[in-house]
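Hello,

Here is the structure I promised to pass on to you. Have a look at it first, and then read on for what turned up when I went through it.

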Amino acid sequence: QDLLVESGGGVVQPGGSLRLSCAVSRDILSFSAMGWYRQAPGKERELVAGIYANGATTYADSVKGRFTISRSRAENVLSLQMNSVKHEDTAVYYCKATSGWVYWGRGTQVTVSS
C-alpha cells in the first residue's frame with residue numbers, strides 16, 4: 001500500500017479550477033512538513049506549496065493568490081485548490097511528506113488546455 005496517493009488531476013481550461021487530493025495512510029500530523037511539487041516536461045521538479053506541522057504555509061511566487069494548500073486530519077488528506085489556472089501550470093503534480101524520511105506519491109497529471 002502506497003503511503004501517499006494523489007488524485008484529482010485532469011484537463012482544465014485556462015482560468016478554470018481544479019482540486020488535487022493526496023490520501024495519506026497514516027496520521028497526517030505525524031509529518032513535520034508536507035507539500036505539493038510539480039514537474040513539467042524538460043524541467044526540474046519544483047515546490048508549489050508546503051504546509052508545516054504548525055500549520056504555516058509557503059507558496060511558490062508563481063502560484064501565490066491562485067493556489068491554496070490545506071489538510072484534513074479527520075480524513076488524512078492533503079489538498080491543493082488550484083484556481084485561475086494557466087498554461088504554465090501544466091505538469092505532473094506530486095505529494096511529498098517529510099518526517100526524517102522523505103516520501104513521494106506517484107503523481108497526477110494536470111493539463112491546462114483550451
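Strand β9 is largely enclosed by the rest of the structure, because 7 of its 9 residues are buried. Please bear in mind throughout that this is a predicted model.

With β4, strand β9 pairs in the antiparallel sense, over 7 bridges; look for Y37, which stands opposite Y94 of β9. With β11 (residues 108-112), the pairing is again antiparallel and has 3 bridges, and here V92 has Q109 of β11 as its bridge partner. With β10 (residues 101-104), β9 forms 4 bridges, also in the antiparallel sense. There, S99 is partnered by W101 in β10. The hairpin of β9 and β10 leaves 1 residue between the strands, and G100 takes a positive phi near 90° in this hairpin.

β4 (residues 33-39) runs antiparallel to β5 (residues 46-52), and 6 bridges join the two. One of the pairs to look up is A33 with its bridge partner Y52 in β5. In this hairpin there are 6 residues between the strands, and G42 has a positive phi near 80°. β5 in turn pairs with β6 (residues 57-59), antiparallel and over 3 bridges, with G50 opposite T58 of β6. The hairpin of β5 and β6 has 4 residues between its strands; G55 takes a positive phi near 95° there.

Most residues other than glycine have a negative phi. Which phi does N76 take, positive or negative? N76 is not a glycine, yet its phi is positive, at about 55°. N76 sits in the loop between β7 (67-72) and β8 (77-82). With a relative accessible area of 19%, N76 falls under the 20% cut-off and therefore counts as buried. Leaving aside residues up to four places away in sequence, N76 touches C22, A23, V24, R26, D27 and I28.

S84 is the other one: this residue is not a glycine either, and has a positive phi of about 50°.

As for the chain as a whole, it has 11 strands and 0 helices. Its radius of gyration is 13 Å, close to the 13 Å that the globule rule gives for 114 residues, so the chain is as compact as a globular protein of that length. The C-alpha atoms fill a box of roughly 40 × 30 × 25 Å along the principal axes. Of the 114 residues, 40% count as buried. Among contacts with a separation of 6 or more, 53% come from residues 24 or more positions apart.

The chain carries 12 positive and 9 negative charges, whose mean positions are 3 Å apart.

Terms used: Residues are numbered from 1 along each chain as its sequence is written. This is a predicted model: local features need pLDDT of at least 70, side-chain atom pairs count only at pLDDT 80 or more; totals for chains, interfaces and linings use all residues. Side-chain values use heavy atoms; hydrogens and water are left out. Buried means under 20% relative accessible area, exposed over 50%, partly exposed in between (1.4 Å probe, protein chains only). Contact means heavy atoms within 4.5 Å. Two strands pair if DSSP finds at least two bridges between them. The radius of gyration is taken over C-alpha atoms; the globule rule is 2.2 Å times the number of residues to the power 0.38. Lys and Arg count as positive and Asp and Glu as negative; His and the chain ends are not counted. The place of a charge is taken as NZ of Lys, CZ of Arg, CG of Asp or CD of Glu.
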